[in-house]
Amino acid sequence: MMQVINPRTGSVCAPVSACSAAKTLAAIQDARAAQAAWAARPVVERAKILMRIHDAVLQHRDELLDIIQLETGKNRASALDEVMDVAINARYYARHAARLLRPRRVRGALPVMTRTTVVREPRGVVGIIAPWNYPLTLTLSDALPALVAGNTVVVKPDAQTPLSALLGEQILRESGVPSNVFQVLPGTGAVVGTAIAENADYVMFTGSTVTGQQLAERTGRRLVGFSGELG
């Protein structure tokens with residue numbers, strides 16, 4: 001069990017259950033089992049769900065603002081930046097996903113003699129390891145393009161700020177995202193983060209350079225994609 005602390009007052013906001021390595025692995029396996037059916041849905045159907053997410057985020061705006069402020073100590077305007085970022089990204093990908101994912105012809109290696117078509121395929125299970133300072137933006141906004149492209153997503157929010165991601169998960173459920181397609185897995189980096197790095201098909205990380213190097217090594221040994229915003 002983890003305790004989420006209000007940084008303004010030092011008081012406990014809420015207890016949150018921490019995922020074990022076994023639970024994390026089971027969640028990734030569930031996500032992998034659900035991915036084919038999710039990817040088989042027409043992209044326009046997945047895009048409609050994203051538009052519902054846009055609407056739901058705005059409907060839950062005040063609740064999201066309260067949670068972001070509670071666990072990060074941000075002012076209201078800074079918290080609003082996160083809410084609007086998620087809403088704007090949801091609307092953008094809802095409107096443009098079909099065009100972005102459509103197969104397209106490009107010039108072949110030998111013009112006239114060869115033809116090349118670029119086809120976008122989902123990676124599979126995308127793992128997101130998010131930081132404390134943008135607990136909504138760097139969980140939901142990063143997940144939206146992965147979801148609309150047909151991937152399933154597992155998210156490890158920072159242990160200090162899991163409440164925003166958990167509320168985001170609830171909003172995605174309400175909007176029509178199946179339970180195994182998007183999952184939030186609170187816990188420590190050593191346990192949950194390691195399990196994601198060793199089992200996801202693509203890993204996105206925002207955090208320290210040292211941790212990014214460790215994750216890059218783990219994913220590199222498995223020859224799976226990794227992206228990091230490090231500082």
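**Packing in the predicted model**

In helix H7 (residues 189–199), the buried residues are Val192, Gly193, Ala195, Ile196 and Ala197. These buried residues of H7 pack against helix H1 (21–40), S5, S6, S8 and H8. The model is a predicted one.

Val153 has Phe182 in S7 as its bridge partner. Both residues return in the description of the core below.

The loop between H8 and S9 holds Leu223. Leu223 is not a glycine, yet it has a positive phi of about 60°. The side of the protein on which a residue sits can be judged from its accessible area. For Leu223 the relative accessible area is 78%, over the 50% cut-off, so this residue is exposed.

The largest nonpolar core has 38 residues. Ile53, Val57, Leu147, Val153 and Phe182 touch the most other members. Helix H4 (residues 76–101) gives the most to this core, with seven residues. A second, separate core has 15 residues, among them Cys19, Ala31, Ile129 and Val154.

Neighbours within four places in sequence aside, Val57 is in contact with Leu64, Val83, Val86, Ala87 and Ile171. Val83, Val86 and Ala87 lie in H4, and Ile171 lies in H6. Val57 itself is in H2.

Two helix pairs involve H2. Two packed helices are described by the angle between their axes and the distance between the axes. Helix H2 (residues 43–59) packs with H4 at an angle of about 165°, and the axes are 8 Å apart. H2 is therefore roughly antiparallel to H4, and their crossing is left-handed. From H2, the contact takes in Val43, Arg46, Ala47, Leu50, Met51, Ile53, His54, Val57 and Leu58. Their counterparts in H4 are Val83, Met84, Val86, Ala87, Ala90, Arg91, Tyr93, Ala94, Arg95, Ala97, Ala98 and Leu101.

The axes of H2 and H6 come within 9 Å and cross at roughly 130°. H2 and H6 are therefore oblique to each other. The crossing of H2 past H6 is right-handed. In H2, the residues involved are Ile49, Arg52, Ile53, Ala56 and Val57. They meet Ile171, Leu172 and Ser175 in H6. Ile53 and Val57 take part in the contacts of H2 with both H4 and H6.

Strand S1 (residues 2–5) and strand S2 (residues 12–16) run antiparallel and are joined by four bridges. Met2 has Val16 in S2 as its bridge partner, and Ile5 stands opposite Val12 in S2. The side chains alternate along S1. Met2 and Val4 point to one face and are buried.

Six residues lie between S1 and S2 in the hairpin. In the turn, Gly10 has a positive phi of about 80°. Asn6 also has its place in the loop between S1 and S2. What is the relative accessible area of Asn6, and is this residue buried or exposed? The value is 11%, under the 20% cut-off, so Asn6 is buried.

Asn6 has contacts beyond its neighbours within four places in sequence. These are with Ser11, Cys13 and Leu70. Asn6 and Gln69 are 63 residues apart in sequence, and their C-alpha atoms are 8.7 Å apart in space.

Technical notes: Residues are numbered from 1 along each chain as its sequence is written. This is a predicted model: local features need pLDDT of at least 70, side-chain atom pairs count only at pLDDT 80 or more; totals for chains, interfaces and linings use all residues. Side-chain values use heavy atoms; hydrogens and water are left out. A nonpolar core is a set of buried Ala, Val, Leu, Ile, Met, Phe, Trp, Tyr and Cys residues joined through side-chain atoms within 4.5 Å. Buried means under 20% relative accessible area, exposed over 50%, partly exposed in between (1.4 Å probe, protein chains only). Contact means heavy atoms within 4.5 Å. Two strands pair if DSSP finds at least two bridges between them. Axes are lines fitted to C-alpha atoms, for helices over the stretch in contact, and angles run from 0 to 180 degrees between N-to-C directions. Angles under 35 degrees count as roughly parallel, over 145 as roughly antiparallel, 65 to 115 as roughly perpendicular and the rest as oblique. A crossing is left-handed if the near helix is turned anticlockwise from the far one by less than a right angle, and right-handed if clockwise.
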